[in-house]
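Subject: Structure handover

Hello,

Here is the structure I promised you. Please open it first, then read my notes below.

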Amino acid sequence: MSRKIGTALVVGAGISGIRSALDLAENGYGVTLIDRAPHLGGLLSQLDYQFPTDRCGMCRMLPLVNRDASSQYCLRKGLFHENIDILLNTELISVDGDPGNFEARLRQTPNWVDPALCIGCGLCVDVCPVEVPDDFNEGLTRRKAIYLPVPHNIPNPYIIDFAACTRCGECQKVCPTRAIHLFDQERGRFRILVVDDEKIVRDSLKALMEEEDFRVDTAESGAQALDMLAATPYQLMLTDIKMPGMDGVEVLQKAKELLPDLTVVMMTAYATVETAVEAMKLGALDYLIKPFEPGQLIPMILRIYQGLETAQALTLNVGAVVLSGGTSFYDPKTGKDTLGYSTYPDVVTSLEFERILNPMGPTGGKLVRLSDGRPITRIAWMQCVGSRDLHENADFCSSICCMSAIKEARLAKAKAGGDLDATIYYMDMRTFNKSFQRYRDQAQKAHGIHFQRGRIHTTVLDRKTGELVLRYTDINGKIHEDRRDLLVLSVGQRPIPGMEKLAETLGIDLNAWGFAATEPFSQTRTPKDGIFLSGSSSGLKDISDSVIQASAAALNASRTLHAAGGHLSPKPSPAAEPMDVFRQLPKALVILCTCNGALAQKINLNDLAAKAASDPSVAHVEVLERVCTAEGWDQVVEQVKTVRPNRLLIGSCLPHVYARKLRKLEHETGLSSSLMEVVDLRTPLLVRGDALPDPALTSTAEILSMGLARLKRIEPLPPVTVPVEQRALVVGGGIAGMTAALAVADHGFPVDLIEKEAQVGGNLNWLSRTLEGYETKALFDETLSRIEKNPLIRVHLKSRVIDAFGQEGHFVTSIEDADGKMQSIAHGVTILATGGNEAKTTAYGYGTSPAIVTQKELAVKLEDKTLDPAQLKTVAMIQCVDSREEPRNYCSRICCASSLKFALELKTLHPDIQIVIFYRDLMAYGFYESYYTQARKAGILFIQYTPDQKPQVHVQDTKVVVRALEPIIAQDIEVTADLLVLATGIQPALPPNLAKAYGISLDPDGFFLEADSKWRPVDALKEGVFACGLSHSPRSITESIATAEAAAQRALRILSHAQLTAGKIVATVRHSLCSLCEQCISACPYEARALWAEQEKVVVHPVRCQGCGTCAAVCPNSASVLLGFTEQQMFDVIDAAIGSAMCS
Amino acid sequence: MSKTAKIDVKDQNLLGALRQFLKAVLDQEAIHAVLVPWRLPMKNMVMPTLITDPERLERVDPLSPAFPMNGAKVVSRLTRKATGRKVAAMMRPCEIRAFVELVKLKQARMEDLLIIGTDCLGALTNQDYFKWVGDDMDQATQTFYTAVLSGKGEGLGDVSLAPACQVCEFPVPAGADLAVGLFGVNTSDELLIEAQTPQGEAFLEALGLAGAEAPSGRQQSIDKLVAERTAARDEMFVRTREATDSLEKLTRYLANCVNCYNCRVACPVCYCRECVFVTDVFDHEPLQYLLWASRKGAIKMPTDTVFYHITRLAHMSTACVGCGQCSNACPNDIPVMELFRTVAHQTQRAFEYEAGRNVDEAPPLTQFKEKEFEEVVGIS
């Protein structure tokens, strides 16, 4: 077991939460990952394909090193990691204590379906009489009260919707495994006390709850309540806060003294929410805001009732907390202008449209109108619904909707086979991440998607044709009509429900719109040390940015845990001595589970047991009841300890569920879990009603013998380990490089920081302020002093990398200093932070007049006072100079924010100054939007241009004249400016020879090429090499720091282990058979194979090998062998499957 | 610089002209040895032979209908590693194409090699050749090339070209450094030498041969020959498909097979060091045979016969050049070549691949193409 010190709590199990949890788990920490939903994956469980690759790939987040610690199947279906405890249906209530030693209180909503017993047969669904809208399909379809929260989970137990369930009991009757418990506790024994000075409240609550068969008493004052509590052991008390005499908080305190286990819920009017929150800190479970609806109250009471019956509120000691609660979305129904949403079925939100595209969705994945089922041939997307809208208090951009609308249009086009008119109505297309501009261009040029600047203001239905008639105003104010089958509203972000309450209890800040706010220059730090933000709780982000932020949050949490030392370390019990079964004949123990008798009804288990026992390799066969239960499993463990087999075969159901148990069994008995196999005997017999099993399905005997065949041939080899040089090398000493170096060094590992200049700092040497007004000098000074004070960091100035070789765990880099002195450094990981520079230009008359400057030059001139803003009457700015068109067809992301910064600064200093900004799409993404609003309010002019009609610039004496088409008045205008500022964007400084030395690739623009732009955004395809900062992609300082922290985190996964462990299933080479054709080398997707020329051998890097088996498939004569899947083994399995094996 | 040249033929002695040409090649400073079809002194058989002594060139016979093996494997042995010494290898077009496949599979190297191709007159099966050749090899060879080049095929007696040669649509070499042209050339007076690569051009220049244009009728006669062969090939495909289009029929087609694996040994592109069928993978447990037998009631021994051929089809039908050595090697007269060519034609067409066409063209299945066979894999 690799658990090191400390444990972390990750709140929210969307992709950010999963990333943070996996990162921490891979570092060796214990992690508890919770989600209030009954499933993992968050929003992404509803989206099949995501931009900019138009596919999923979530599984690429799974560990590549020491991968056996984790599940290795579709991550959208589920996750297992030996260091991660996953608690679903669980919410965070409070966090107390100090960084490194928090006490977190969690509330679990239990269910009436026991997930350990539910085998997912679905018989309950057939008999359930209740139908309600299905949230998973955004309410577009209906489901039963007992249902699967998502269709594709592994395991996928059914759950019951308390609010909808009528408790008719039909499901309980048909459940074959007795997993459902609706009535096992009598509610009458659950005693509730209602304390309120208002009689009407007391009586109505009593009536409501008695209708649900609870036993309810009332008290009109605190004093009376305490008397009653002293006399009778109540389980739940609902108390008002504001009462004459003793107030609710005092009642709570005294009641808790009397009955420490009493659950208390505070009732309050809105005005005293703060008091209610205080009360929760004193031990109240929750609060209700008056007036409350029965629909709110009863589920809560039921939850509490269930909670007390099956699980107490959970308290965890954790060292750090990562909040990755995600976002909610704007509901157009609540808006002032709904654009026909909820009136016309064919007006849908973007999320609803995602479900329409899905085969499990309302139309079975067909593009047909929800209203009348006719084929959809024309779709319009309307951007910024609930975003960039001051009327809706949404002065922000939701950052992802432009890209997701393009993606949806592309998917719809692909689905319709091209025969679809797709138009996106937008204000600015914010395609600001690395490859997004090309994605958009491709959508327009190759996919024929139309982009129309303008806003739809009215939607009406043409009742004859069923079409939606959209009216919109174009940029010139002209009104148009557009007929569509479907209108998709790209709805904006909203904070998750309960965010305010959570922020208050945890002591973290919210921004003006209710999203979690971070500290300056950090995407993850909150005012509360030890509590970090991950993912979209601080504003919606695309997958790449979310994953980066999640790894950054993990890094900071890890730093807290590391600094706190080992006092929270979970002590694993000592592992049993590994059993050496090498070269032993197979001696298998076969366990058959009766599945609570259900299996015995379908087949003759004794026959099956006898068949199994007839196989010479089977030592013992045991039939057990319900192996899935704790008692059942204890018997399995006992059997293994008694029989001492060298193979274990379990015939039961749901093999995926056993991964963790098998690991534990290995820990207890020393038998390698690779020598254990669980086969599913139950599913083939899973036939609804009395129908006979499908004869086409493989018989149980064959399934069992297939498992046995696989086990018999497994070569039990010990896993290979590779030593790690626990030292990092960081190339580039800008803010990203410095941050990464510090992050690694703070974990106790030495770092070599290579900087080519005479000083570190990079672009911080000339920057002064950010758009938000944060001083970069302070950041630089603080970072530099931490670098200087840290004895583990060696800074090599005026040095450059000459060459390097090696792989994860062991690199050797040669560096040369200014005097030509060479030095070799051995290190385990490489972080590239070589930065980037402002691009040079010759456009727009640059170089012909001192009045034409770049953004960087303006910053320097303002700082060293060579430019006096007081002398400026008119300033013009041109955005996207040489950018967002080939050959530099990417958005540099920071130039719009920089222009806003300069414009606002100049305008604040000299309100009379006139500023005109020529732009294409103003990339004021996220919360930058409010500065754009502020700038327009301040009178700064924004004039849009298109690449085919760029502004014309000529120099006139000391002035610069900019001539451009003003699209709103549709006329050319001239601006005579004292200064023209060109936003030329960023170019990376990642030399190709450096990339080559470390075996990584560059993207077409010279930036670092990620292993996967969405899921492994700071990793190179070659494990052990990471990138951050501007060499990775154009970013703000804060965003660059996040990439640096993420890169450091990814590096620490490797550095924090003295040895890297290969997976149990890896490929090997039988050299006597190998003809060195090298087909396996080019076929290997992980670069895990190489030709060792001197030895004339193909070698496998065992840690890098992921056991995918491509090499074995491509090798013509089985010289490439995948252990655990040898050809003999597969032949035996096939023989077993067709019934010519031992025990059939 | 001319890309084609001619060699004069004296006294209608084609072989003599070729031997002179090869001598000139071996005389080149850069060439260390030549690998050529050579009459064995002890028997009237022609074998690929590596020659360094110009005197020995007297027995060279590239026009004999003997084709005991595909020389690609031999050349692969010579070029597998750098030697620093260049060999000129004279090969038939199907040998060159097989060699190109081996280069792609890293079993051979193009460096240190000068490929001399010849217009291929075809060959007899080994059995026919032994029956037919007689004692006078000069006479036999002359009879053969006269018969083939005249286009009438007279004089071969009761033998005809091997089945593989009858359906071969590649009688003319492509991708050789130097290629000897016979079809459509007035071979009573001259032979055509064509340089097909830059290396070939340089050599041609060094040899100092007289420049010449290809005769006007050459392309026409090649086209005619290829058209005839292609038609014969397509008829063969129809026949073979009809004979093998179900598992039952395929089993009948291969029923004579005794698992001797000669076809695999003879195959130039079957490059595995040890065939998987002779490794422990197919070394079944004795009990397993009994279990199979009891499942079916009867099981033919040895087992895995059809499996063996299907595996070989899966492994190398994309590399099959149709040389026919598999059929030549079969002791039990199974038309192996017909089966392989029929399947290879389809697999190669499916991947838009042609074995031996271009050394830079990666073999199918060695590279990942995202959008490939979407109708098969079900992902689009």
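Two residues are in contact if their C-beta atoms, placed from the backbone, lie within 7 Å. By that rule, the contact of chains A and B takes 18 residues from chain B and 18 residues from chain A. Helix α11 (residues 286-296) of chain B gives the largest share of chain B's side, three residues.

A note on the source. This is a predicted model, where local features need pLDDT of at least 70, side-chain atom pairs count only at pLDDT 80 or more, and totals for chains, interfaces and linings use all residues. Residues are numbered from 1 along each chain as its sequence is written, while chains are lettered from A and ligands numbered from 1 in the order in which they are written.

Next, chain B. Its assignment, automatic or from a database, gives domain 1 (4-225) and domain 2 (246-377). Their centres, taken over C-alpha atoms, are 30 Å apart. Domain 1 of chain B puts 23 residues into the contact, and domain 2 of chain B puts in 19. On the domain 1 side, α2 (72-79), α3 (93-104) and α6 (163-166) of chain B each give two or more residues. α3(B) gives the most, nine residues. Helices here are DSSP runs (H or I, at least four residues), numbered from the N terminus.

Last, chain A. The axes (lines fitted to C-alpha atoms over the stretch in contact, with angles from 0 to 180 degrees between N-to-C directions) of α9 (residues 350-357) and α10 (residues 401-415) of chain A come within 11 Å and cross at roughly 25°. α9(A) and α10(A) are therefore roughly parallel (angles under 35 degrees). Among the contact residues are A:F353 of α9(A) and A:L411 of α10(A).

Best wishes

Terms used:
Parallel < 35°, antiparallel > 145°, perpendicular 65-115°, else oblique.
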